[in-house]
Amino acid sequence: RVTLSGKKLPPFFIFKGMPNGRIAREWTGSTDYPSTSIYAIQQKAWIDERTFLEWIRKVWGPFCAGKPSTYLLMDECTVHLMSSCLDAIQDYGTEVDFVVRGYTSKLQVLDVGINKPFKYYVKQSYEEFMVENNG
């Protein structure tokens, strides 16, 4: 994600796997992954309440540190609307607004032009890796 000021937030990758499972154990403490990125594990590699709260704590919180107020524009993904997540975001002094359904592709062009192709590339690379390594 990129902020209005042009500052890039650290990438937050969600791997498919079980928390404390094999994949989590392999990368926890590993130096093979960029330290500038943040990693999480979720059973289906989706953003859920736990992983979104982790993103809020590890990415959004540090970004907000020292700022009198911040603003976050999100789509209406179910987890974005959860009171636990909204409360956690607002605890950092953040005002939250939502993109009206159907307008994400027009207002969050990075989701369409960069994130979607990037996710496809990562998924393809992951599947190739798993096939080559008998995963």
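Author: Buried means under 20% relative accessible area, exposed means over 50%, and partly exposed lies in between, with a 1.4 Å probe and protein chains only. In a regular strand, side chains alternate between the two faces of the sheet. Because 5 of the 5 residues of β2 (residues 38-42) are buried, this strand is largely enclosed by the rest of the structure. Strands here are DSSP runs of E with at least two residues, and helices are runs of H or I with at least four residues, numbered from the N terminus.

The model is predicted: local features need pLDDT of at least 70, side-chain atom pairs count only at pLDDT 80 or more, and totals for chains, interfaces and linings use all residues. Residues are numbered from 1 along each chain as its sequence is written, and side-chain values use heavy atoms, leaving out hydrogens and water.

Strand β1 (residues 12-16) runs parallel to β2, and 5 bridges join the two; strands pair if DSSP finds at least two bridges between them. Within this pairing, F13 stands opposite Y39 of β2.

The loop between β2 and α2 (49-64) contains K44. K44 is partly exposed, its relative accessible area being 48%. Between the C-alpha atoms of K44 and G61, which are 17 residues apart along the chain, the separation is 25 Å.
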